[in-house]
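Subject: Structure handover

Hello,

Here is the structure for your set. My notes on what was found in it follow directly below.

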Amino acid sequence: MKQSRYKSLEKQLSSSDYFCPYPWSHLEIRNDLSVGLCPCNCWLPESIGNLDDDASLYEIYNSEKAKLIRKSVLDGSFAFCDRKLCHLLQLGLLPKKADILSSKSMIWNHTEVSTPEIRDILKYNLIKGFTPKFYQLNYDESCNLSCPSCRSKVIKLDKGDDFQRKREAQKKIFYQLSREPLGKWAIVNASGVGDPFASKLYFELLEKIDGSRYPKLMINFQTNGLLFNHHNWNRLHNIQSNFNDIIVSCDAATAETYRIVRRGGSWSVLQKNLGFIAELRKTRKIKGQFRLDYVVQKRNFHEMKAFVQMANDLGVDAITFHAVQPFFFQSEFSSWDIYADHAVWLPEHPDYHEYLKIMHDPIFEDDKIDFEFMSPCRPKPTSLVSHREDITIKDMVLDVRRRLKRLKRSALGEIR
């Protein structure tokens, strides 16, 4: 069964019908300063260069490896992509070339893909001469918290050789941003691996940008919210008009649970800052979405309903529930046993029926709420993937179920 599923996937992805726009628009700068062409390096692990190199960011973005990756997408082989980890490939969610070429307007993953530029890419197989539109800054893991679902200790990069090396490399990012035409749009996302307010590097970069000269430059922040206050907002006065999406990870609806899942955080400070962000959104000083995120686990699943109510009271634009991930980053969920103990969305989990009852509550019917695979009542076209295991999510869930069954049999004395 497993082998035939993979063969079917291979057959589907060997077709030249599908197109992924990421290698022509996205740039990810990783912790080791290597550069990728995808929002997530586990989906496309291949590096196209390194900021330590003598080459400019533009030259890296159009390197020989970059051109090969783009060619592999155009010929339908996706040779450099990890088909087992990319949920877009797993679930067949990529747009079709024919649909892009035949549509006057086609939105895919919140982005217009039926543009003259993408049409020319498909018509003429263009693979060079591009500049990034999305800058994913993942090279500084600094954060003021040590959440168990992410890391075991606080990480702070503000001195030493690694800091100086990244500070020097960061100049290439600023140069690339500043040399773009003033009317061209671009998005800078900080950050998927830490908190931008806790990063000395990111602040130095953002404070140098004159947002008034680049009205179409958009800044996205992924943050725990604890440092998103009046003081730090005023420090970024130069780009306040450029703020787009603000994503705040909370993971709790009470102070008691928050202390556990957001280790080192203050519930009262969070509530104050959420109110501040909500006011910025209400007055249109934040032009994009105000979104709250929630990593679901055994410690907090019983507060999901209260979290939605809290988010609604704040007037957020979107709510996303994520499943806690095994082997993510430096997570404390680093063993299958620990992960399985927190994966309440699995039917074998002792709290599954309680979780399912919560999921059936009408409060979750709101269209602004997004779930990952752990919502059997309201499935969404997304999938959790492991960042370190060379398996699909389906294989991962099956393996957890096998392990749980063995543990149950062992408890009953069936395994000695």
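Phenylalanine 78 lies in the loop between α4 (64-74) and α5. The model is a predicted one, and in it phenylalanine 78 takes a positive phi of about 45° although it is not a glycine. Its relative accessibility is 2%, so phenylalanine 78 counts as buried, the limit being under 20%.

Aspartate 251 also has a positive phi, about 65°, again without being a glycine. Aspartate 251 sits in the loop between β9 (243-249) and α11 (255-261). With a relative accessibility of 0%, aspartate 251 counts as buried.

The peptide bond that runs from alanine 190 to serine 191 is cis, with omega near 0°. Serine 191 belongs to the loop between β7 (186-190) and α9 (200-208).

Next, the cavities. The count of those of 30 Å³ or more comes to two. For the largest cavity, the volume is about 110 Å³. Its lining consists of 14 residues, and those nearest the centre are Cys20, Tyr22, Cys38, Cys81 and Cys86. By class, the lining of the largest cavity has 14 nonpolar residues, no polar ones and no charged ones. Two helices, α2 (22-25) and α5 (87-90), each supply at least two residues of that lining.

Leucine 88 is placed in helix α5. Is leucine 88 buried or exposed? Leucine 88 is buried, because its relative accessible area of 9% is under 20%. Once its neighbours within four places in sequence are left aside, leucine 88 is in contact with Tyr22, Leu93, Leu94 and Trp108. Leucine 88 and tryptophan 43 are 45 residues apart in sequence, and their C-alpha atoms are 9.1 Å apart in space.

Leucine 201 is found in helix α9. Its relative accessible area is 0%, so leucine 201 is buried. What does leucine 201 touch, leaving aside its neighbours within four places in sequence? The contacts of leucine 201 are Tyr139, Asp140, Leu157, Phe163, Lys166, Arg167 and Gln170. One of these residues, aspartate 140, is 61 residues away from leucine 201 along the chain, while 7.4 Å separates the two C-alpha atoms.

The largest nonpolar core here has 116 residues, and the members that touch the most others are Leu137, Ile173, Leu292, Met304, Phe321, Trp345 and Phe364. Helix α12 (residues 267-282) gives this core its largest share, seven residues.

Finally, some totals for the chain as a whole. The protein chain has 16 helices and 12 strands. Of its 416 residues, 54% are buried. Among contacts between residues at least 6 apart in sequence, 70% join residues at least 24 apart.

Regards

Notes. Residues numbered from 1 in each chain as written. Predicted model: local features only at pLDDT ≥ 70, side-chain atom pairs only at ≥ 80, totals over all residues. Heavy atoms only, no water. 1 Å grid on protein atoms, 1.4 Å probe; cavity = no way out; pocket = protein on both sides within 12 Å on 5 of 7 lines; lining within 4 Å. Points joined across faces, edges and corners; volume = space filled by probe spheres on them. Helix = DSSP H or I, 4+ residues; strand = E, 2+ residues; numbered from the N terminus. Nonpolar A, V, L, I, M, F, W, Y, C, P; charged D, E, K, R; others polar. Buried < 20%, exposed > 50% of the residue type's maximum accessible area, 1.4 Å probe, protein only. Contact = heavy atoms within 4.5 Å. Core = buried A, V, L, I, M, F, W, Y, C linked by side-chain atoms within 4.5 Å.
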